[in-house]
Amino acid sequence: MRYGQLVMGPAGSGKSTYCATMQRHGFDDKRMIKVVNLDPAAEHFDYQPYLDIRDLIQLDDAMEDEELRYGPNGGLIFCIEYLIEHSDWLRDQLCGVGSDDEDDTTGNEEPDDDYVLFDMPGQIELYTHLKAGNSLARLLESWNFRLCSVFLVDSQFMIDGAKFLSGTMAALSVMANMELPHVNVLSKMDLLSKGHRGQMDKYLDPDAHALLGEVTNESAWGRKYRKLSETIGMLIEDFSLVRFTPLNINDEENVADLLLMIDNVIQYGEDADVKVRDFDPPEPDEVEDDSRYYQDD
Ligand SMILES: Nc1nc2c(ncn2[C@@H]2O[C@H](COP(=O)(O)OP(=O)(O)OP(=O)(O)O)[C@@H](O)[C@H]2O)c(=O)[nH]1
Ligand SMILES: [Mg+2]
């Protein structure tokens, strides 16, 4: 089994910084966390990439090609679709050359705790409604990755009701489109003023009525669509659809807590325990051949 986080979020929300932070935290903890850069336009990041999409395709390839002639945004989406069409490249690098996981029953080649963060581009439509993000998730799952979506939203944009509503709807679109366990992160908490941090508390455990009361009084739009906002608010609240976890990258405990939470979501490190817990040994005279009570591996 392999474990992975698909790190997504709008442009500049802190995805690459998140990956670098987690890798560094893992390093301090003697834990290997690999990061794969899947942003073909990336120019700078602070982590050691295990793999880099730019070795397969670069944004300029799509923009400068005489036939394609993409702009930066279309070009980026083209690059991700190209990656999916050439998934052998990714599989060979992630899982070993020529590996074919459908046949891989030996388990010999796979390390127990391969843990990979995928630093995705900031093109949010890749995750909200295009097929590419979902296809990538299904591909990785077929290679035995247990995945979690990590969706980052810059906390600076979440300090009023209207922005909270928009951010929540974006998170919800990603959840629906990616079909993965999902964790929302409010990034850059260190940049918030004390006053704003206090204000933030009400968004972390949202009371939709109170929040959307704000939205409805703020603008003409808000007043006109008051009922719609309220209904969306109730939906979010009643089904506990969207929750945000704050992240201050300078607070080691905060980083550790978030990583642990995601580990729990993807059941990282739990397999050994599960085997022990599930094992309920029979009385010796109940069975002649007890081999069927043991797992094959
Ligand atoms: N203070 C502070 N700055 C941050 C944090 N996260 C990101 N930044 C800054 O925000 C900017 C964008 O961060 P990135 O990590 O590159 O964001 P990204 O989501 O990878 O951006 P794209 O790949 O361009 O979509 C950089 O200047 C970072 O230094 C944070 O937690 N705290
Ligand atoms: Mg980035």
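Mentor: Before we start, two residues are in contact if their C-beta atoms, placed from the backbone, lie within 7 Å. Helices (H or I, at least four residues) and strands (E, at least two) are DSSP runs numbered from the N terminus. This is a predicted model, where local features need pLDDT of at least 70, side-chain atom pairs count only at 80 or more, and totals for chains, interfaces and linings use all residues. Residues are numbered from 1 along each chain as written, while chains are lettered from A and ligands numbered from 1 in written order.

Trainee: Which residues in helix 6 does helix 3 meet?

Mentor: On the helix 3 side, look for Ile77, Ile80, Glu81 and Ile84. Their partners in helix 6 are Ala132, Ser135, Leu136 and Leu139.

Trainee: At roughly what angle do the axes of helix 3 and helix 6 cross?

Mentor: Axes are lines fitted to C-alpha atoms, over the stretch in contact for helices, and angles run from 0 to 180 degrees between N-to-C directions. Those of helix 3 (residues 72-85) and helix 6 (residues 131-142) come within 10 Å, crossing at roughly 25 degrees.

Trainee: Is His44 buried or exposed?

Mentor: His44 sits in the loop between strand 2 (34-37) and strand 3 (49-52). Buried takes 20 or more other C-beta atoms within 10 Å of a residue's own, exposed 12 or fewer, partly exposed anything between. His44 has 5 such neighbours, so it counts as exposed.

Trainee: What pLDDT does the chain average?

Mentor: pLDDT is the predictor's confidence in each residue, from 0 to 100. It stays under 50 over residues 286-297. Still, 81% of the residues score at least 70, and the chain average is 83.
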